[in-house]
Amino acid sequence: MCGIVGYIGKQQAVPILLDGLKKLEYRGYDSAGIAVLEESEIKLCKSLGRLAVLEEKLGQDFSAATCGVGHTRWATHGRPSDVNAHPHCDCTGKFAIVHNGIIENYIELKEWLAERGHHILSETDTEVLPHLLEHFYAGDLEEAVRLVTEKLRGAFAMAVLSYNHPQKLVAVRKDSPLIIGLGDEEYFIASDIPAILKYTRKTYILDDGEIAVLQEDGVRLMDFQGKPVHKEIYEVKWDAQAAEKGGYEHFMLKEIFEQPRALRDTLLSRLENDLVVLQEIDLTAEEIIHYQRVVIVACGTAYHAGLIGKTLIERWVRIPVEVDIASEFRYRSPLIDAQTLVIVISQSGETADTLAALREAKRHGARVIAVTNVVGSSIARDADDVLYTWAGLEIAVASTKAYITQLAAMVLLALFLAEAKGSLPEERIKEIVTALRQLPGQAQEVLDQAGLVRQLATVFQPAEDAFFIGRGLDWSVALEGALKLKEISYIHAEAYAAGELKHGTIALITKDTPVIALVTQHDVYEKTKSNIEEVKARDGWVIGMTYVGDQRLEKVADQVFYLPKTLSELAPILAVIPLQLLAYYVSIARGCDADKPRNLAKSVTVE
Ligand code: M6R
């Protein structure tokens, strides 16, 4: 969490830092700050609230500065406030640091520093960093930074500005993402590519344990032992426009409407004739047969995609699959070995819990396939094989197009494994592949009904609670629908296996409780319909969701939303779209900020 930027060059630093922070606000937005070098002095401006507050506070200040660092915060240690906002300085005001991550041993470091006369002003873990730097500095900035890293436990990406070295910035990475942008006699530091894309496409993606020294004449890289590091330049292929709203009011809406394209890009190049071909997975059929179990690990929305992956793999490949929440997985001594195939799913490829789970799985000898949206991310680099979801840059905190492509990836992986194991007849694979090719167009048909969803949203606007019910794959989609609604509209929403509602939760159903019932799974259609009747008998207000041409729900539900006809196994990919739209329109109707919901950040790089 948190976004870091740094700039050194010949242009005015402040507009570049603010512009970069704007692109990183998705990583946290409870407070922000910048530090620049101007007139041989470190000057600081920080403030509680969104970046706009900082911008206003800054006005035209610091306009002569051509070097500085900036930060947008998602609080972990210390509540959002001016004093806890970054950058943080040492006692002498000669070092300013911005940091992303958690310094796990900060309490003992605070005590150690206090014993040596340092005054720590904030409640943050970060503030120990500039004080440690002050302690170790003896004329050589890189050496002092190196010595500081030796004292730290935890995750840190940081950018350092020093009064003693006006033409130098130092960047450090361990377990939190950081990139360096290489311009023409100007250099950048950022937590993520969009922050620098306006200025350059040439980057170094720092690895854990690396330090970058940015000066007017270039960038030097070294490891934590001070040994030089040589690294290929990574040239970013996508353009700056991807990071703009393109006429939509919010990134979330733009990203929802990009889903047909995202599905096309993720699916079509992997379908050859009547088969799925995944060239990026370096496993032979013999190797696949030897796996006895699959374990899927992810967080949040990606975890919900994993639940669908489980059903598909178990149904089509006939091997047991477990799905685990990444933050739990590593601490329960998971039973995995070389016979276990582990699939980790992560949009950002940087989620700390998922990355830690991946490493734990590899430590046990498992093969790890990553499903991720970000090329070159930590998860992509650490996995054995990577299946990219070509959703494109996702900026809204609420994941939409990344989720839908994760579902597509689950279908592809399940079919790929089934082909290798020979567990599905050829005709069945052909039928699924044919249905897959139709999905992008069908997703567009669902989006064409956005107006209807907007109307339905008015029912949810005043609600305090909402329920999503379904059986089988519908239940997994219901979980995602409930998360979306909670996340951006702050309505308490719960997803229930439709048959489970009567075992307690139905007590909460009243006439003011909207219920969305997903009814796309043919084998349990009648059962779910009965569950809708149970809700109606308690005066609940129900929106049913089924396929076009099926009139049966109209007799039991208050409203029915129709999806284009597809296979039951592929229905989640279409069924989630109205749920995403619903969450969006309810959020707008309630006056919430759909792109930047309270308390959240997109990329959770702390455990
Ligand atoms: O980048 P990841 O896919 O690893 O992120 C996992 C979750 O943090 C993420 O899906 C989160 O739940 C979203 N905000 C949901 O919309």
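This is a predicted model: local features need pLDDT of at least 70, side-chain atom pairs count only at pLDDT 80 or more; totals for chains, interfaces and linings use all residues.
A polar contact here is a pair of N or O atoms within 3.5 Å.

**Around the ligand**

Let's start with serine 399: one of its polar backbone atoms is 2.8 Å from an oxygen atom of the ligand. Valine 397 also uses its backbone, with an N or O atom 3.0 Å from a ligand nitrogen. Lysine 484 brings in its side chain instead, placing a polar atom 3.0 Å from an oxygen atom of the ligand.

| Residue | Part of the residue | Ligand atom | Distance |
|---|---|---|---|
| Valine 397 | backbone N or O | nitrogen | 3.0 Å |
| Serine 399 | polar backbone atom | oxygen | 2.8 Å |
| Lysine 484 | polar side-chain atom | oxygen | 3.0 Å |

How much of the ligand's accessible area does the protein cover? On its own the ligand has 410 Å² of accessible area, and the protein covers 90% of that.

As for who sits where, the shell holds 13 residues, and the ones that come nearest are Ser346, Gln347, Ser348, Thr351 and Glu487. By residue type, the shell splits into 7 polar, 4 nonpolar and 2 charged.

**Two helix pairs**

Away from the ligand, a couple of helix pairs deserve a look. Packed helices are described by the angle between their axes and the distance between those axes. For helix H4 (residues 128-136) and helix H5 (residues 141-151), the angle is about 125 degrees and the axes are 9 Å apart. An angle between 115 and 145 degrees is neither roughly perpendicular nor roughly antiparallel, so H4 and H5 count as oblique to each other. Their crossing is right-handed.

Then there is helix H15 (residues 450-460) with helix H18 (residues 571-589), whose axes come within 8 Å and cross at roughly 55 degrees. That makes H15 and H18 oblique to each other, therefore, as well, and the crossing of H15 and H18 is right-handed.

Which two residues does a cis peptide bond join? They are histidine 86 and proline 87, with omega at about 0 degrees. You'll find proline 87 in the loop between strand E4 (67-73) and strand E5 (88-89).

Arginine 318 is another one to check: its phi is near 60 degrees, a positive value in a residue other than glycine. This arginine 318 lies in the loop that runs between H9 and strand E18 (321-325).

Terms used:
Residues are numbered from 1 along each chain as its sequence is written. Side-chain values use heavy atoms; hydrogens and water are left out. A residue is near a molecule or strand if one of its heavy atoms lies within 4 Å of it. A polar contact is a pair of N or O atoms within 3.5 Å; within protein, one must be able to donate a hydrogen and the other to accept it, and residues adjacent in sequence count only if both atoms are side-chain atoms. Accessible areas come from the Shrake-Rupley method with a 1.4 Å probe; for residues, only the protein chains shown count as cover. Ala, Val, Leu, Ile, Met, Phe, Trp, Tyr, Cys and Pro count as nonpolar, Asp, Glu, Lys and Arg as charged, and the others, Gly among them, as polar. Axes are lines fitted to C-alpha atoms, for helices over the stretch in contact, and angles run from 0 to 180 degrees between N-to-C directions. Helices (H or I, at least four residues) and strands (E, at least two) are DSSP runs, numbered from the N terminus. Angles under 35 degrees count as roughly parallel, over 145 as roughly antiparallel, 65 to 115 as roughly perpendicular and the rest as oblique. A crossing is left-handed if the near helix is turned anticlockwise from the far one by less than a right angle, and right-handed if clockwise.
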